[in-house]
Amino acid sequence: MEYGLTSYEHIYGILCIFINEPSICKYIMNHKKQLEDAEILEFHYKRWKEISSSYFILRDSYEFRIAEAQRLGDIVKPDNLLTFYNLTGISYQVVDFIHELIKLKNPDALENTFIIDYKEWLEDDDKLFSTLSKQIMLQMKAFYKG
């Protein structure tokens, strides 16, 4: 089985053709790598800042809780602000559901609970949150396109 050159090896080979000094070529390649790493870090930092800040701003303004809902229709509503959805393609309410399930399924809660069928209860919540998430995303897609 044959393997092709990596991009590093390919670029290094081309540099060696034009610059006949391996130490200079390695210096250039190291400098290129440092510039790329800095650019990647800056990109991911900006994305993290945009996404996380929009999520927490929306979450702080989102006061609705499932326990307060009287009907399923009260729960399934598109996001009131589309900032987080525009950045990620996911409703911040769905992310909240995931966080709730993670909080409920921590090891301390599993061992130190007085609920007899805690695991069964978690599975029921998981199914409920899954259904709600799907319906919210359908609402978001319909709302976003319309």
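**Entry 1. Overall composition**

I began with burial and noted that 23% of the 146 residues in the protein chain are buried. I took buried to mean under 20% relative accessible area, exposed over 50% and partly exposed in between, with a 1.4 Å probe and protein chains only. I recorded that the model is predicted, that local features need pLDDT of at least 70, that side-chain atom pairs count only at pLDDT 80 or more, and that totals for chains, interfaces and linings use all residues. I also recorded that residues are numbered from 1 along each chain as its sequence is written, and that side-chain values use heavy atoms, with hydrogens and water left out.

I then looked up the secondary structure and found seven helices and zero strands in the protein chain. Read along the sequence, the pattern is α-α-α-α-α-α-α. Helices (H or I, at least four residues) and strands (E, at least two) are DSSP runs, numbered from the N terminus.

For contacts, I used heavy atoms within 4.5 Å as the criterion. Of the contacts in the protein chain with a separation of 6 or more, 59% are between residues 24 or more positions apart.

**Entry 2. H1 against H2**

I looked up helix H1 (residues 7-18) and helix H2 (residues 22-61), whose axes come within 10 Å and cross at roughly 140 degrees. The axes are lines fitted to C-alpha atoms, for helices over the stretch in contact, and the angles run from 0 to 180 degrees between N-to-C directions. H1 and H2 are therefore oblique to each other. Angles under 35 degrees count as roughly parallel, over 145 as roughly antiparallel, 65 to 115 as roughly perpendicular and the rest as oblique.

I noted that the crossing of H1 and H2 is right-handed. A crossing is right-handed if the near helix is turned clockwise from the far one by less than a right angle, and left-handed if anticlockwise.

From H1, the contact residues are Tyr8, Ile11, Tyr12, Leu15 and Cys16; from H2, they are Pro22, Cys25, Lys26, Ile28, Met29 and Lys32. I sorted the residues of this contact into nine nonpolar, no polar and two charged. For these classes, Ala, Val, Leu, Ile, Met, Phe, Trp, Tyr, Cys and Pro count as nonpolar, Asp, Glu, Lys and Arg as charged, and the others, Gly among them, as polar.

**Entry 3. The cysteines**

I searched for disulfides, pairs of cysteine sulfur atoms within 2.5 Å, and the structure holds zero. The sulfur of Cys16 has its closest cysteine sulfur in Cys25, 3.8 Å away, which is too far for a bond. Cys16 counts as partly exposed because its relative accessibility is 26%. Cys25 counts as buried because its relative accessibility is 0%.

**Entry 4. H2 against H5**

I next compared H2 with H5, whose axes come within 10 Å and cross at roughly 85 degrees. H2 and H5 are therefore roughly perpendicular to each other. Tyr55, Leu58 and Arg59 in H2 meet Tyr92, Val95, Asp96, His99 and Lys103 in H5. By class, I listed four nonpolar, one polar and three charged residues in the contact of H2 with H5.

**Entry 5. H5 against H7**

I found that the axes of helix H5 (residues 92-104) and H7 come within 9 Å and cross at roughly 175 degrees. H5 is therefore roughly antiparallel to H7. On the H5 side, I listed Gln93, Val94, Phe97, Glu100, Leu101 and Leu104; on the H7 side, Tyr118, Trp121, Leu122, Asp125, Asp126, Phe129, Leu132, Ser133, Ile136 and Met137. This contact of H5 with H7 has 11 nonpolar, two polar and three charged residues.

I located Ser133 in helix H7 (residues 118-145). Ser133 is buried, with a relative accessible area of 14%. Leaving out residues up to four places away in sequence, Ser133 touches Val94 and Phe97.

I found Lys119 in helix H7 as well. Lys119 counts as exposed, at 60% relative accessibility. I noted 10.0 Å from C-alpha to C-alpha between Lys119 and Leu104, which are 15 residues apart in sequence.

I placed Tyr144 in helix H7 and recorded it as partly exposed, at 45% relative accessibility. Tyr144 touches Leu82, Tyr85 and Asn86, not counting residues up to four places away in sequence. The C-alpha atoms of Tyr144 and Asp79 are separated by 9.9 Å, although these residues are 65 residues apart along the chain.
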